[in-house]
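Please look over the sequence and the structure below before reading on.

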Amino acid sequence: MKRLSPVDQVFLWMEKRQQPMHVGGLQLFSFPEDAPDYYVSQLANQLREQTTVTAPFDRRLDSRFGQPVWVEDEHLDLEHHFRFEALPTPGRIRELLAFVSTEHSHLMDRERPLWEFHLIEGLQDRQFAVYTKVHHSLVDGVSAMRLFQRMLSDDPEQRDMPPIWSLPRRSRTGTSDNGPSMWRNVAHLLGESGKQLGTVPAVSKALLSTVNRARKDPAYDSIFHAPQCVLNGKITGSRRFAAQSYCLKRIRAVCKASETTVNDVVMAMCATALRTYLMNQDALPEKPLVAMVPVSLRKDDSSEGNQVGIILASLGTHLNDAAQRLSYIHEDVKASKERYASMSAEEILNYTAMLLAPASFNLLTGMAPKWQTFNVVISNVPGPKEPSYWNGAKLEGMYPVSIAMDRIALNMTLTSYCDQIEFGLIGCRRTLPSLQRMLDYLEEGLAELEAAWGL
């Protein structure tokens, strides 16, 4: 038995039909060179034999002493979680993205472990895909990436590699989850209370600094500063997923010329894409859009639960010049990082909670629609730096599939892989029509930055 942290519980509380709270990933593989045409069917048969399910995929929700906990599912039905499927002809990327859009719209059964693994055949050019989705209460983006990377190898000759649900258990140190739950709960609460109380002075000082700066600088991302926007209306349960790869060398060349970071340039690309998309709908706010940018606080190699802080970054969408937008974003993000530099992980978490309290209240109740803390989520999850393989199949691309929510209709998540930056955009199909056009606008944003520095 394992208790859910308060953060993990929030993802369960927030879930509703129009707001599924699972994260996912789409991986594109090419056949091994010597593989037969029926390679994917052969692989599916091998995966069906992987009946040993390890943590966290062997857990389902239960309630003990009025609190949600994870317990081992003694009647786990692997056929429900592992699904072998084929795309309709002609098997283009368009059909693959449509498949993911549909599957990501569906809620998962809370009576079972909250994950699915889809092996997808029928793609052109001797390729196949894997689409995995896991509830956000079970893993965060960084831990999901670590689990997936454990499934891969840098050796193209390695075979008999297990799927993500059957990875070997890692040795654990420290206290076991077994024992008298009442006393463990008391100890947990006392221990956490001590940590939280100790953060009050630093958190209060940082929050006061934020408010004071917001009063002096109207462009600063204060608690209620984000403008009203079509991105922040109510959404439906239907999703559209768009994905594409961009050359990391091009992005790094802009970084070098502008003396900024990869994250700065990526956010500037997002800002341009959002600006162009909204201008084409005659819906660009006069004030700059504000992005919520998750920052990993994980200092160990664990792969469960959620350990993240938040930066609120103004995207400079009110500026017409791409170079000026990049500089604006760089300075804003730099100020946020400096604010966190002297804070512990617990202080950052509590500061984040206080900063986002208005947004959380609105997302949970819908009772304060004018309390717009941010307009869009932009998240960057590091991926493998070297070419990776799974049972001889080369990983060609990996695209994150995240969460859209009421009043936050668009999530722009990206990951790095070798010399690529892989973008995954998820949004409400009705609120954001023709979302796929934003992929072209991301490319235009990068091209504008290259032109600004003569690259």
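Two strands are said to pair if DSSP finds at least two bridges between them. In this predicted model, strand E3 and strand E4 (residues 67–72) run antiparallel and are joined by six bridges, and among the residues involved, aspartate 62 has valine 69 in E4 as its bridge partner. Both strands belong to an open sheet of three strands with the order E1-E4-E3 and antiparallel pairing, in which the edge strands, E1 (2–3) and E3 (59–64), each pair on one side only.

## The six-stranded sheet

Another open sheet has six strands in the order E5-E6-E7-E2-E13-E12, and its pairing is mixed; its edge strands are E5 (82–86) and E12 (389–390). Within this sheet, strand E2 (residues 22–30) and strand E7 (residues 127–135) pair in the antiparallel sense over nine bridges, and glycine 24 has lysine 133 in E7 as its bridge partner.

Helix H5 (residues 141–151) lies across E2, E6, E12 and E13, and runs at about 170 degrees to E13.

## Aromatic pairs around phenylalanine 128

The model has 12 aromatic pairs, one of which is a tilted pair of phenylalanine 31 and phenylalanine 128, with 6.2 Å from centre to centre and 55 degrees between the planes. Because phenylalanine 31 lies in the loop between E2 and helix H2 (39–48) whereas phenylalanine 128 lies in strand E7, this pair ties together parts that are 97 residues apart in sequence.

Tyrosine 39 and phenylalanine 128 also form a tilted pair, at 5.9 Å from centre to centre. Tyrosine 39 lies in helix H2, so its pairing with phenylalanine 128 in strand E7 ties together parts 89 residues apart in sequence. Tyrosine 39 and phenylalanine 128 are both buried, as is phenylalanine 31.

Methods. Residues are numbered from 1 along each chain as its sequence is written. This is a predicted model: local features need pLDDT of at least 70, side-chain atom pairs count only at pLDDT 80 or more; totals for chains, interfaces and linings use all residues. Side-chain values use heavy atoms; hydrogens and water are left out. Helices (H or I, at least four residues) and strands (E, at least two) are DSSP runs, numbered from the N terminus. Contact means heavy atoms within 4.5 Å. Axes are lines fitted to C-alpha atoms, for helices over the stretch in contact, and angles run from 0 to 180 degrees between N-to-C directions. Rings of Phe, Tyr and Trp (its six-membered ring) pair if their centres lie within 6.5 Å; planes under 30 degrees apart count as stacked, over 60 as edge-to-face and the rest as tilted. Buried means under 20% relative accessible area, exposed over 50%, partly exposed in between (1.4 Å probe, protein chains only).
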